[in-house]
2 protein chains.
Amino acid sequence: MQRFEAYLKANLPTVETFHPHYNDSLSAMLLAGGKRFRPMLLLSVVEAYEPLLFEGALAPALALEFLHTYSLIHDDLPAMDNAPLRRGFETLHVTYNEATAILAGDALNTEAFYHIAKAPLRDDVKIKLVELLARDGGTYGMVLGQSIDLHFENEPLTLEKVKVLHINKTAKLIATSLLMGAVIVGLAKAKQEELYQFGIDLGLLFQIQDDIIDETQSEEEAGKTTGNDGDKNSFINLIGLDRSMEEAEMLAQNLEERFNHFDEVLQKALYDMMKHYLYRHRS
Amino acid sequence: MQRFEAYLKANLPTVETFHPHYNDSLSAMLLAGGKRFRPMLLLSVVEAYEPLLFEGALAPALALEFLHTYSLIHDDLPAMDNAPLRRGFETLHVTYNEATAILAGDALNTEAFYHIAKAPLRDDVKIKLVELLARDGGTYGMVLGQSIDLHFENEPLTLEKVKVLHINKTAKLIATSLLMGAVIVGLAKAKQEELYQFGIDLGLLFQIQDDIIDETQSEEEAGKTTGNDGDKNSFINLIGLDRSMEEAEMLAQNLEERFNHFDEVLQKALYDMMKHYLYRHRS
């Protein structure tokens, strides 16, 4: 985590320009904390199997954080969730203006791929990473999920469709974080697929827990705007708080079983991150 | 051109989804005509030197059109230029809404890199293409230019700074289109650099001519919202119409001289596109 934070700080978007807040607007949300969940997933897989590739894996890990951060900046825009607060900080369109927030997101989206291209990894590995990030972080994943979320915000979907929504909006980028790690270290296809599917369900769990937090915590506790899911297709609104908590617990137990069948090195590398999510229902 | 149009139509973003207008919103601006100037530059360089690589070059050419189209969609947003019309068609935020337009742009931005990753080209070539497109189409190019343009829209810049603006906003993506073609066919570094610098000045010429069109043509003639550059750092507003036309002519003559020193195959491949820009001052 410290190594990633240091790498992030050393690789913030920096351009020599007379534009007074261009660099600040691109860096602000990257510096506004966050759990670095996606980079940590990728780096944990690499650390587990090929610690010598850790250095090379920092750039794709950064790419994941750039892509994720751009999505937060755009999701918070007035035309979308209209959120004034994110990670405990003022959102970009509040600090500056909408155009600045749109452009900062655009820049981070594109720059994610720049960092993969420049990573000290094999070309065939990098091309696969570009493909996976572009697939799950764009048209065929994250953007589709956000589009479904917004289009149906006043129209209740079936539970099945809400799962499709969140698999695309959240789970695919989490799953691809594990998969990108697996590609970097060259895991066999079957193990890649196992990790990816684990990531999909982990992402779903993540989203249900997020909905529960949104329902039960104040803005100060959560560090972001909460309680604004009133008209959204959240799990809470569809199946209620109790069933959402049950669903989260079942999913966590199922994931725990699968986790216990991972290679020991991988269990060890992921344990600290996973216990927070998989064992939350026990606390 | 026909081959590119056919390839574009066969590779429009298509996702199986219950979202009623997701696919349409991503494809609309891609289908709304346009000169395909950037793809044609790339493909002309490839056609000139390695016609056998033409098939493989279609995907990176498509990536350029995706990236360019995303930038138009976002530039037209209410928070930016607030344009109701583009290429003679209603803009996306008018047809649907702002969120849809933002997301369609986001998707096309990311998907550009997906198409490069999937192209039937060597991995080392593809990684270089990703790097160049991400560099000149993002933080260090196009987005910087658009940010400068918006931030200084009510504050006149020096001519020097306006050139920096347009080199970033417009010229770098045009230059990189030529450069990407040069990378695909493996031209020597010196020739790559020569083409890139030619593209930078061509992009500047392009922009000055665009400003002149904006000043002198109606919306019907130009096929887009015109006459709204009143408070912008256009060349017209800075140095007036006459000097802008002089500047365009000088630049065109200079470019023509350099063009005449290109390899004959390249002159031949680019001629039909170039004559429209380089010889416009003679008509």
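In which loop of chain A does A:Asn82 lie? A:Asn82 sits in the loop that runs between helix H4 (54–75) and strand E1 (85–86) of chain A. That is one of the stops on this tour of a predicted model.

**View 1. Chain A as a whole.** Let's start with the overall picture: chain A is built from 13 helices and two strands. Along its principal axes, the C-alpha trace spans about 55 × 50 × 30 Å. For 283 residues, a compact globule would have a radius of gyration near 19 Å, and the 18 Å of chain A agrees with that. Of those 283 residues, 50% count as buried. Now look at who touches whom inside chain A: among contacts with a separation of 6 or more, 70% are between residues 24 or more positions apart.

**View 2. The loop residue A:Asn82.** Zoom in on the loop between helix H4 (54–75) and strand E1 (85–86) of chain A, where A:Asn82 is found. Its phi is near 50°, a positive value in a residue other than glycine.

**View 3. B:Arg87, between two strands.** Over in chain B, the loop between strand E1 (85–86) and strand E2 (89–90) holds B:Arg87. Here, too, is a residue other than glycine with a positive phi, near 50°. B:Arg87 has 16 other C-beta atoms within 10 Å, so it is partly exposed.

View 4. A:Phe37 belongs to helix H3 (residues 37–49) of chain A. How far apart are A:Phe37 and A:Ser177 in sequence and in space? In sequence they are 140 residues apart, while in space their C-alpha atoms are 9.1 Å apart. A:Phe37 itself is partly exposed, since 18 other C-beta atoms lie within 10 Å.

**View 5. Helix H4 of chain B.** Helix H4 (residues 54–75) of chain B has 22 residues. From its first C-alpha to its last it reaches 31 Å, close to the 32 Å expected at 1.5 Å a residue. Why is H4(B) described as largely enclosed by the rest of the structure? Because 19 of its 22 residues are buried.

**View 6. Where the two chains meet.** Here 44 residues of chain A are in contact with 44 residues of chain B. On the chain A side, helix H2 (22–31), helix H6 (98–118), helix H7 (123–136) and helix H8 (142–151) each supply at least two residues. H6(A) gives the most to this side, with 13 residues. Sorted by class, the side of chain A that touches chain B has 23 nonpolar, eleven polar and ten charged residues.

**View 7. Down to the axis between the copies.** Turn chain A by 180°, with a shift of 0.0 Å along the axis, and it can be laid on chain B with an RMSD of 0.0 Å. The two copies are therefore related as by a two-fold rotation axis. Which residue of chain A has the C-alpha nearest the axis? That would be A:Asp123, at 2.9 Å from the axis. The same surface serves both copies, with 100% of the contact residues of chain A recurring in chain B.

How values were computed. Residues numbered from 1 in each chain as written. Chains lettered and ligands numbered in written order. Predicted model: local features only at pLDDT ≥ 70, side-chain atom pairs only at ≥ 80, totals over all residues. Contact = placed C-beta atoms within 7 Å. Helix = DSSP H or I, 4+ residues; strand = E, 2+ residues; numbered from the N terminus. Nonpolar A, V, L, I, M, F, W, Y, C, P; charged D, E, K, R; others polar. Buried ≥ 20, exposed ≤ 12 C-beta atoms within 10 Å, placed from the backbone. Least-squares fit on C-alpha atoms with pLDDT ≥ 70 in both. Expected span 1.5 Å × (residues − 1). Rg over C-alpha atoms; globule rule 2.2 N^0.38 Å.
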